[in-house]
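Here's a quick briefing to read with the model open beside you.

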Amino acid sequence: MGRQEDAWRALDAVVDPELDEPITDLNFVRSLDVTGADVVVHLRLPTSFCAPNFAYLMASDAKDVLTALPWTRRVVVELDDHHDSDLINTGLAADAGYRGTFTHEAEQDLEELRTTFRRKAHTAAMERVLTRMVRGGHAVEDLGRVTIGDLPLDDATRALLRRRAAIGLRTGDDLPVFVDHSGSPYPEVELPLQLRLARSTRISIEGNAHFCRGLLATRYDLEDKVS
Amino acid sequence: MYSKDGENYFIVDAHVALWDARPENQRNIHGKQFIDCFYDYHRNLSPESEVWPYQEYLYQGGDRLMHDLFEVGYVDHAIFQPAYLGEFYNNGFGQTEEAFRLTEANPDKLTYNHFWDPRFGETGLKQLREDAKRFNLKGCKLYTAEWHGESRGWKLDDPWSYRYLETAQELGIKNIHIHKGPTIRPLDRDAFDVADVDKVASDFTEMNFVVEHCGLPRLEDFCWIATQEPNVHAGLAVAIPFMHTRPKYFAQIIGELLYWLDEDRIQFSSDYALWTPRWLVEMFVDFQIPEDMTEYAPLTTAQKKKILGLNAAAMYDIPVPAELQLPREEPQAVAVA
């Protein structure tokens, strides 16, 4: 694998936390140039006013994964056309970290933000496999008994297992599927409500992804793939 | 009024603006970025036939607004929901004087809502009292992502925000429209979080809190809050044009809102001039939940009538002709004498 390809594959691991999709799929990587051991990446977002905390997370994650490649020497990541481009790009260039970049607007770190969205991603992935079972005739009241081993080994299940791992849940076959972010199952009486709540989370994430893809395509005159 | 298949619909456009984003009013690059972002929303979600040239989009003026809403847009009454954006535009984004003059000239067609920003402290409170009197305010629009000096956003449950809400309540301003933009401080947490709406809605139970864009991009958090708080409502601005580009997604949004909120707490709005009401009204009346989405019940004509106008008319005491009201025991809105 060439270095260019190697760098792109590394960026596959950088996820938009809000949309739960890799920035490479979302077309957020505007350009990637490798010269010897130096990499220059330009990122772009759907609007100038996308939330700067998410923008910073993605840009700093991109810099981290590229810096972690054994062959890279100098890594430059720049965010284009954002209201905080100057602030974020200066912070990234200086490796100033989150607090050093945003100074008085930052309190501690972005870990709580990351955790919130990893939990939402798990909830949505769980809803997808459970709703599929309900559509197949499974009673909602019985969903509490479904274990990971009961799920077909397909993309939806693999996605759920990855989301579980990301929030520190184990993935053994005997474990229940319908759980909260700490891995605890819900009382049977709550299952219909919890499934509805999980559905609204899934719809929200998917809807935001539609909107963001569409806006990015409009903004940069790209082909919008309607999924 | 819009008529289709023997049914007549009273239309209230609950969120419109008269803005000026022309270069001479742009204070800095952010003024351009802001209107460009709006224009991308407009281009991305409008049918091709409804897309305006960029130059026209920068500023519409009162005549064009009256034409687009009332002459060709089926709207019976519209409510101004201005955003100030004083850090981006010299004379602000929403044009207060022009919109208010238009309202005074057309009191049966227009309602003017104003705005406040709790970071102006005592001075702003005094201004709010004067504004309430001058504009005869029934409602206000709050944009929590507004920049102000070093601060790039505020929360509804900030101490000063409580003082403004208390004052508004005392002044009879009942309807608070909230636009959750990406609030910045502190950056550590989700900027679109709607938890502050929950707090103020339970502390100010006599007021209505209309969350614009129905809480998008946090529909799930919004729905949960609205289930707990009977005075929280959903504004369909930004959500409703998805009927055209992503009908299945829109079906899910409206399906979720009807499930969590019920049909009395959802309001139509075009978000003019982001979009124009004509095609939205026509398309919404024709809209139906796709048959394969069995988790949602089909939309009824009565639900569409409420969403398109009767709900907002009831909230703002806008007179609805008797023949356009729904036949029911509970009063929907004040009938024309």
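Predicted model: local features only at pLDDT ≥ 70, side-chain atom pairs only at ≥ 80, totals over all residues.

Residues are numbered from 1 along each chain as its sequence is written, and chains are lettered from A and ligands numbered from 1 in the order in which they are written.

**Chain A overall**

- Chain A has seven helices and five strands; here helices (H or I, at least four residues) and strands (E, at least two) are DSSP runs, numbered from the N terminus.
- Reading from the N terminus, the elements of chain A go α-β-β-β-β-α-β-α-α-α-α-α.
- The C-alpha trace of chain A spans about 55 × 40 × 35 Å along its principal axes.
- Of the 227 residues in chain A, 39% are buried, where buried means that 20 or more other C-beta atoms (placed from the backbone) lie within 10 Å of the residue's own.
- Take the contacts in chain A with a separation of 6 or more: 68% of them link residues 24 or more positions apart. A contact here means C-beta atoms, placed from the backbone, within 7 Å.
- UniProt, in an unreviewed entry, lists residues 5-78 of chain A as "domain: MIP18 family-like"; its positions are given in the numbering used here, feature names are shortened, and annotations may be inferred rather than shown by experiment.
- Residues 5-78 of chain A are 31% helix and 30% strand, with the end C-alpha atoms 19 Å apart.

**Where chain A meets chain B**

- Chain A puts 30 residues into the contact and chain B puts in 33 residues.
- On the chain A side, the elements giving two or more residues are helix 2 (52-67), helix 5 (111-135) and helix 7 (191-220).
- Helix 7 of chain A supplies the largest share of that side, 13 residues.
- The chain A side splits into 10 nonpolar, 14 polar and six charged residues. Nonpolar covers Ala, Val, Leu, Ile, Met, Phe, Trp, Tyr, Cys and Pro; charged covers Asp, Glu, Lys and Arg; the others, Gly among them, are polar.

**The three-stranded sheet in chain B**

- Three strands of chain B make an open sheet in the order 3-4-5, with parallel pairing; strands pair if DSSP finds at least two bridges between them.
- Strand 3 (12-16) and strand 5 (110-112) of chain B are the edges, each pairing on one side only.
- Strand 3 and strand 4 (residues 77-80) of chain B share three bridges, and B:Asp13 has B:Ala78 as its bridge partner in strand 4.
- Helix 12 (residues 301-316) of chain B lies across strands 3, 4 and 5, at about 75° to strand 3. Axes are lines fitted to C-alpha atoms, for helices over the stretch in contact, and angles run from 0 to 180 degrees between N-to-C directions.

**The six-stranded sheet in chain B**

- The order of this open, parallel sheet is 6-7-8-9-10-11 in chain B, with strand 6 (114-115) and strand 11 (266-267) as edge strands.
- Strand 8 (residues 175-179) and strand 9 (residues 208-211) of chain B are joined by four bridges, and B:Ile176 stands opposite B:Phe209.
- Strand 9 is joined to strand 10 (residues 232-235) of chain B by three bridges, with B:Val210 opposite B:His233.

How values were computed:
Contact = placed C-beta atoms within 7 Å. Buried ≥ 20, exposed ≤ 12 C-beta atoms within 10 Å, placed from the backbone.
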